Amino acid sequence: MSKAYYLTKNTDSDKAFELRDHSLPSLGIDDVKIKVHSFGLNFADVLARRGLYQDCPPLPTVIGYDVAGIVSEVGQNVTDCKVGDRVVALTRFGGYAEEVITMKEGVARIPNDLDFGKATALATQACTAYYCAYECLQLHKGDKVLIQAAAGGVGTILVQMAKAKGCYIYGTASSSKQDHLIKIGVDCPIDYTTEDFEKIIKSHDMYGEGIDVVFDSLGGKPFKKGYNLLGPGGKIAFIGSASSLKNGKGNLLSTINMARGFGFFSPIQLILNSKSICGVNMLRIADHRKQIFKHCIDEVVKLYENGVIDPIVGKEFSADQLAEAHAYLEKRKSIGKVVLNWL
Ligand SMILES: NC(=O)c1ccc[n+]([C@@H]2O[C@H](COP(=O)([O-])OP(=O)(O)OC[C@H]3O[C@@H](n4cnc5c(N)ncnc54)[C@H](OP(=O)(O)O)[C@@H]3O)[C@@H](O)[C@H]2O)c1
């Protein structure tokens, strides 16, 4: 029997997980079974551990969305990959495991030069970035773009995608990550922990045109500021609400405060200024629009092959260091992808 790390308590990372025997359901005709080499962390995993993620199944449960490894079995309807293929895959929870079963639309073959750790960034984070930047908001050459948490997993890939489209990028991150923002090509790095990003961007906007696109993973007041920065025709993608956490902690009150920060929106404002708001939950897309998710994961692999994106792995841990890896992500130390390896 294979093993998996179970989330057993909503608490600090060193007390939250247990390595247990893990039995998988029987393989469905549309499923793929994978021997996992590496799995990736997402910020949502931290929220799930803290009990702040509403989609998380009841405890004890195995969380985790991103795996990369070798296909070990396929259902009879699976034609896109075969036993022995190297793949990246989205799991709908269940990713912190030596073996996983997932839907065929969540799986894509990866090239031999892409190592398993880096590949994990292509599942949730790159697909989210792709769906927002290329499907929903459709970046254009010359767009002025604001990317919040630009040094993170989703953020670094958004930067690479926006660069490839010839956009001008305002990117925010906390103080220690500013040099990294410059390194990855952010045109105007902003330390949003010490500076007001809205003021800085307005001071650059000599003709009062506003900016074209905002990717917001913070929610609340920062979302409202981002929305206010948009010029006519501007678009904002809302993908997360990290601002509801303070020092890694959040509760009902901090969620209410974050929600109040959004202020009031009327669809009439959207028409008058021709602005768009796009809410994205990639897991809902994977559940309800499987073919679209499949398109995204295939496209991000192609973008890697064509040199448009190259996921940045900030730090790799061995699987038995899961607690340290979680704390590292929660304490805002990470850049790019945080990866764990079984092998
Ligand atoms: N909607 C979707 O389908 C979807 C999918 C994937 C991710 N997301 C969201 O996108 C965001 C990025 O996800 P990710 O997995 O790539 O994580 P990440 O960006 O690698 O890590 C989260 C980063 O958020 C920043 N942050 C800002 N305010 C924070 C706060 N109050 N507490 C903690 N961190 C804060 C930190 O960067 P700094 O130190 O630079 O501030 C931190 O490193 C998250 O909000 C996540 O929930 C949404």
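A: Happy to! Let's start with Asp 85 and Lys 82, whose side chains meet in a salt bridge with N and O 3.0 Å apart. Please keep in mind that this is a predicted model. Elsewhere, salt bridges with shared partners connect Asp 12, Asp 14, Lys 15, Arg 49, Arg 50 and Glu 330 into one network.

Now for pairs that reach across the sequence. Lys 33 forms a salt bridge with Glu 73, and their closest N and O atoms are 3.8 Å apart. Because Lys 33 belongs to strand β3 (residues 31-41) and Glu 73 to strand β4 (residues 66-74), this pair ties together parts that are 40 residues apart in sequence. Lys 33 counts as buried, with 18% relative accessibility, while Glu 73 is partly exposed at 36%.

Another pair is Asp 55 with Arg 284, where the side chains meet in a salt bridge at 3.0 Å, N to O. Here distant parts of the chain are linked: Asp 55 is in the loop between α2 (43-49) and β4, Arg 284 is in helix α11 (residues 282-288), and 229 residues separate them. Asp 55 is partly exposed, at 22% relative accessibility, and Arg 284 is also partly exposed, at 32%.

For the whole model, the count comes to 23 salt bridges.

Notes: Residues numbered from 1 in each chain as written. Predicted model: local features only at pLDDT ≥ 70, side-chain atom pairs only at ≥ 80, totals over all residues. Heavy atoms only, no water. Salt bridge = Lys/Arg side-chain N within 4 Å of Asp/Glu carboxyl O. Helix = DSSP H or I, 4+ residues; strand = E, 2+ residues; numbered from the N terminus. Buried < 20%, exposed > 50% of the residue type's maximum accessible area, 1.4 Å probe, protein only.
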